[in-house]
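This report describes a structure through its helices, its aromatic rings and the surroundings of its DNA strands. The sequence and the structure are shown first.

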2 protein chains.
Amino acid sequence: MTTKIKSNANQIRSRKEREGLNIFSRLPAVYAASRTQSRNFLELAGGLSVVEWRTLWDLAEAGPLTIRDLAAIQRADHSLLSRALPEMRKKGYVTMQRDARDGRQTIVELTEQGRAAYDTAAPVMAKRRAALKEVFSDTEIREFAGFLDRLEDFLRVPAEDLLAGQMAQEDTQ
Amino acid sequence: MTTKIKSNANQIRSRKEREGLNIFSRLPAVYAASRTQSRNFLELAGGLSVVEWRTLWDLAEAGPLTIRDLAAIQRADHSLLSRALPEMRKKGYVTMQRDARDGRQTIVELTEQGRAAYDTAAPVMAKRRAALKEVFSDTEIREFAGFLDRLEDFLRVPAEDLLAGQMAQEDTQ
DNA sequence: AAATAATACGTGACAAGTCATATATTTTCT
DNA sequence: AGAAAATATATGACTTGTCACGTATTATTT
């Protein structure tokens with residue numbers, strides 16, 4: 001029975017190793033680790049949530065934006081912002097007002113308090129990016145980002161197209 | 001005012017571009033796209049959820065496993081499995097029984113029905129991986145996985161350590 | 001101008017994931 | 001052996017994210 005247990009342990013280890021090269025199965029863990037580290041940094045930098053930080057950052061960098069713009073910049077679904085923003089308004093970080101020119105749109109703008117929260121968090125988050133730069137060179141970052149670009153392109157090809165034939169993705173070029 | 005709008009559009013575009021090189025802010029979108037594509041593939045391959053698919057795969061490859069083993073292989077929190085498994089048992093995919101040797105552990109085992117669900121999904125999911133291989137060479141996959149390894153190492157360094165000084169991560173080597 | 005289509009946003013329902021805490025069982029220490 | 005520490009699992013509360021659908025507003029067709 002020892003051998004049975006041992007072989008099982010080996011099975012587990014080998015399965016874990018083989019999965020190391022499976023990009024798809026790596027992403028959840030990498031992303032989860034990133035989110036956790038973000039949360040920890042933000043905890044030390046004023047207590048913003050990840051969505052709040054991203055939004056304040058975008059508003060501080062690009063000025064007043066519509067919900068749609070924010071979602072596009074963050075490559076996120078508008079519903080995520082749509083739900084987060086009223087809470088941020090309640091906290092005094094942003095104002096939201098209907099666009100006079102296009103009554104469908106909501107213009108989101110940083111308040112002084114939002115700017116202050118951003119100013120508190122920004123240097124801490126900048127240190128995080130600086131720390132990453134000690135682990136990856138500029139060239140490597142560009143290569144890494146290039147891989148992510150290509151992966152993202154692949155991931156946006158509908159499953160049906162990929163299954164239809166291995167030649168399918170040629171169409172997207 | 002046209003200029004104002006236009007400059008804003010440029011701001012947005014430039015912000016989006018600059019964020020392209022921010023690995024941290026790329027991860028949510030890439031992961032989300034991967035999960036969505038997974039879901040679509042699984043939809044076409046019998047209707048498993050992502051967690052179910054991962055679990056059936058691990059059990060089919062490595063034999064009966066404890067919840068802890070499953071979580072370790074998937075690099076996920078055990079609570080995720082702990083919550084998903086009773087539902088999978090209800091669906092007839094797995095059995096769960098307390099380990100006689102260690103009463104704390106639960107041994108999860110594939111049923112015939114679970115095996116059948118795996119056999120239905122597996123070839124479809126294999127095609128997905130094959131399709132990826134047409135976009136990334138073996139060498140590139142290894143490079144990509146290497147980047148992910150290094151990033152994951154970085155992400156597991158506590159925020160306090162990274163903030164304490166740029167030299168901190170040397171300790172982990 | 002009226003009908004139709006497109007767009008922006010809100011919202012309900014769900015999936016995946018985290019953390020903290022509780023409980024039962026084993027292991028380890030003395 | 002008994003006390004203390006470690007481990008495996010369950011569970012509540014929360015965040016991030018998706019999709020589908022509804023509603024209001026604007027743009028386009030005819």
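## Contacts around L70(A)

Contact means that heavy atoms lie within 4.5 Å. With neighbours within four places in sequence left aside, L70(A) is in contact with T55(A), D58(A), L59(A), L65(A), L81(A), L85(A) and V108(A). L70(A) belongs to helix α4 of chain A; helices (H or I, at least four residues) and strands (E, at least two) are DSSP runs, numbered from the N terminus. L70(A) is buried, with a relative accessible area of 0%; buried means under 20% relative accessible area, exposed over 50%, and partly exposed in between, with a 1.4 Å probe and protein chains only. R54(A) stands 16 residues from L70(A) along the chain, and their C-alpha atoms are separated by 9.1 Å.

## Basis of the description

The model is predicted: local features need pLDDT of at least 70, side-chain atom pairs count only at pLDDT 80 or more, and totals for chains, interfaces and linings use all residues. Residues are numbered from 1 along each chain as its sequence is written, chains are lettered from A and ligands numbered from 1 in the order in which they are written, and side-chain values use heavy atoms, with hydrogens and water left out.

## Architecture of chain A

Chain A contains eight helices and three strands. Along the sequence, these elements follow the pattern α-α-α-β-α-α-β-β-α-α-α.

Chain A has 173 residues, of which 46% count as buried. Among its contacts between residues at least 6 apart in sequence, 48% join residues at least 24 apart.

## Aromatic pairs

Over all chains, 15 aromatic pairs are found. Rings of Phe, Tyr and Trp (its six-membered ring) pair if their centres lie within 6.5 Å; planes under 30 degrees apart count as stacked, over 60 as edge-to-face and the rest as tilted. The pair of F24(A) and F154(A) is stacked, because the ring centres are 6.1 Å apart and the planes are at 25°. This pair links distant parts of the chain, with F24(A) in helix α2 (residues 23-44) and F154(A) in helix α7 (residues 138-155) of chain A, 130 residues apart. Both F24(A) and F154(A) are buried.

A further stacked pair is formed by F147(A) and F144(B), at 5.1 Å centre to centre and 15° between the planes. It crosses between chains, from helix α7 of chain A, which holds F147(A), to helix α7 (residues 138-156) of chain B, which holds F144(B). F147(A) is buried, with a relative accessible area of 6%, and F144(B) is buried, with a value of 0%. Ring pairs link F136(A), F144(A), F147(A), F136(B), F144(B) and F147(B) into a cluster.

## Charges over rings

A charge sits over a ring if NZ of Lys or CZ of Arg is within 6 Å of the ring centre and within 35 degrees of the ring normal. The charged end of R128(A) sits over the ring of F24(B), 3.6 Å from its centre. Likewise, the charged end of R128(B) sits over the ring of F24(A), 3.6 Å from its centre.

## Surroundings of DNA strand D

A residue is near a strand if one of its heavy atoms lies within 4 Å of it. DNA strand D is surrounded by 29 residues, of which R54(A), G103(A), R68(B), S82(B) and R83(B) are the closest. Of the atoms of DNA strand D that come within 4 Å of the protein, 67% belong to sugar and phosphate. The nearby surface has seven nonpolar, 10 polar and 12 charged residues; Ala, Val, Leu, Ile, Met, Phe, Trp, Tyr, Cys and Pro count as nonpolar, Asp, Glu, Lys and Arg as charged, and the others, Gly among them, as polar. Helix α2(B) gives the most to this surface, with five residues.

A phosphate oxygen of DNA strand D is 3.2 Å from a polar backbone atom of D77(A).

DNA strand C has 28 residues around it, and R68(A), S82(A), R83(A), R54(B) and G103(B) come nearest. Sugar and phosphate make up 66% of the atoms of DNA strand C that come within 4 Å of the protein.

An N or O atom in the side chain of R68(A) is 2.5 Å from a phosphate oxygen of DNA strand C. Bases of DNA strand C are approached from chain B: a base nitrogen is 3.4 Å from a side-chain N or O atom of S79(B), and a base oxygen is 3.2 Å from a side-chain N or O atom of R83(B).

Note on methods:
Polar contact = N/O pair within 3.5 Å; in protein donor to acceptor, adjacent residues only side chain to side chain.
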